[in-house]
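Please look over the sequence and the model before reading on.

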Amino acid sequence: MSSRITRRRFVKTTAVSGSALALSALNYSRTFGANDRISIGLIGCGDRGVNAHLKGILPYIRSENVAVTAVCDPWRVARERASVAVKEDWGREPRAFVSHRELLSLKDVDAVMIASCDHQHARQLEAAVTAGKDAYCEKPL
């Protein structure tokens with residue numbers, strides 16, 4: 001077995017680590033009581049959003065007291081697939097939106113993970129910051 005790291009393994013490892021760092025950074029911005037939960041919205045429900053972002057935060061749902069409460073994607077198929085994944089992992093169906101603007105207008109969503117197509121990242125990140133949300137967004141390599 002080679003000790004050489006592949007591009008695929010590097011990207012997978014950094015995505016999981018990045019998600020963990022993003023969630024731990026949320027704790028610095030606000031101190032939560034025992035009953036408060038960090039509500040996260042997912043913008044972009046494609047393969048990256050479901051298989052990297054959602055799966056990346058699963059190990060931390062209890063220790064960090066987080067829940068994905070909303071998903072957003074213009075493509076119905078991707079949106080429904082993400083809703084099913086969230087319901088399986090968190091036991092509650094998230095609110096589903098077509099436009100990221102609708103998700104960002106929710107007062108009870110504390111943070112967003114942006115996993116949309118690359119050319120939308122800057123616009124959606126700016127909208128998230130303007131809406132007062134904490135955000136995790138990857139840039140393409």
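Predicted model: local features only at pLDDT ≥ 70, side-chain atom pairs only at ≥ 80, totals over all residues.

Which residue of strand 2 is the bridge partner of Ile40? The bridge partner is Val68.

**Strands and crossovers**
- Strand 1 and strand 2 run parallel and are joined by six bridges.
- Val71 has Ala96 as its bridge partner in strand 3.
- From strand 2 the chain goes through helix 3 to strand 3, and this β-α-β crossover is right-handed.
- Seven of the seven residues of strand 2 are buried, so this strand is largely enclosed by the rest of the structure.

**Largest nonpolar core**
- The largest nonpolar core has 20 residues, of which Ile40, Leu42, Leu54, Val68, Val71, Trp90 and Met113 touch the most other members.
- Two or more residues each come from strand 1 (38–43), helix 2 (47–57), strand 2 (66–72) and helix 3 (76–90).
- Helix 3 gives the most to this core, with five residues.
- Leaving aside residues up to four places away in sequence, Leu42 touches Gly49, His53, Leu54, Ala70, Val71, Cys72, Leu103, Met113 and Ala115.

- Another core lies apart from the largest one and has eleven residues, including Ala70, Cys72, Val112 and Ala128.

Terms used
Residues numbered from 1 in each chain as written. Heavy atoms only, no water. Core = buried A, V, L, I, M, F, W, Y, C linked by side-chain atoms within 4.5 Å. Buried < 20%, exposed > 50% of the residue type's maximum accessible area, 1.4 Å probe, protein only. Helix = DSSP H or I, 4+ residues; strand = E, 2+ residues; numbered from the N terminus. Contact = heavy atoms within 4.5 Å. Pairing = 2+ DSSP bridges. Right-handed = clockwise from strand over helix to strand, strands pointing away.
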